[in-house]
Amino acid sequence: TFSPAPGSYSGAQSVTLTNVTAGATIYYTTDGSTPTTISAKYTGVIAVSATKTIKAIATAPGHVTSALATGIYTILPATKPKFVANGEVP
């Protein structure tokens, strides 16, 4: 599970990954590639400050590897206000 849910956000997000299977280890990528058990091991929050695709799998003793989960986070950087001089229209 991704939290917050994948989607479009106006600012940076702190993404957490969870799995309902006790003792599961989550592996993930942030470059859009498919994760394997040699990918980064999830140990805490993933900072997302620009548009990013997170893909994750989970493994646990006595269980098969989970299905691939994908979360796409789109981040609408704030626009800077335009300077208007002498009554000009920006």
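The legends below describe close-up views of a predicted model.

**View 1. The five-stranded open sheet.** Five strands form an open sheet with the order β2-β8-β7-β4-β5, and the pairing within this sheet is mixed. The edge positions are taken by β2 (7–8) and β5 (40–41). Each of these two edge strands has a single partner strand, so one side of each is left without a neighbour in the sheet. In general, the strands of a sheet are paired through backbone hydrogen bonds, in either a parallel or an antiparallel sense.

**View 2. Strand β7 beside β8.** Strand β8 covers residues 69–74 and is antiparallel to β7, with five bridges between the two. Within this pair, Thr70 of β8 is the residue that stands opposite Lys55.

**View 3. Strand β4 and its two partners.** β4 runs antiparallel to β7, and five bridges join these strands. Ile26 has Ala58 in β7 as its bridge partner. The pairing of β4 with β5 is also antiparallel, and it comprises two bridges. Here the bridge partner of Tyr28 is Ala40 in β5. Four of the five residues of β4 are buried, and β4 is therefore largely enclosed by the rest of the structure.

**View 4. The largest nonpolar core.** This core holds 13 residues. Those that touch the most other members are Val15, Leu17, Tyr28, Ile46, Val48 and Ile54. Two or more residues each are contributed by β3 (13–17), β4 (25–29), β6 (46–48) and β7 (52–59). The largest share comes from β7, which gives three residues. Tyr28, one of the core residues named above, is also the residue bridged to Ala40 in β5.

**View 5. Surroundings of Val48.** Val48 is among the core residues that touch the most other members. With residues up to four places away in sequence not counted, Val48 touches Ala12, Gln13, Val15, Ile54, Tyr73 and Ile75. Val15 and Ile54 in this list also belong to the largest nonpolar core.

**View 6. Gln13, a buried residue in β3.** Gln13 lies in strand β3. Its relative accessibility is 18%, and because the cut-off for burial is under 20%, Gln13 counts as buried. A polar atom of the Gln13 side chain lies 3.2 Å from the backbone oxygen of Gly11. Apart from neighbours within four places in sequence, the contacts of Gln13 are Pro4, Ile46, Ala47, Val48 and Ile75. Ile75 is also touched by Val48.

Technical notes
Residues numbered from 1 in each chain as written. Predicted model: local features only at pLDDT ≥ 70, side-chain atom pairs only at ≥ 80, totals over all residues. Heavy atoms only, no water. Core = buried A, V, L, I, M, F, W, Y, C linked by side-chain atoms within 4.5 Å. Buried < 20%, exposed > 50% of the residue type's maximum accessible area, 1.4 Å probe, protein only. Contact = heavy atoms within 4.5 Å. Polar contact = N/O pair within 3.5 Å; in protein donor to acceptor, adjacent residues only side chain to side chain. Pairing = 2+ DSSP bridges.
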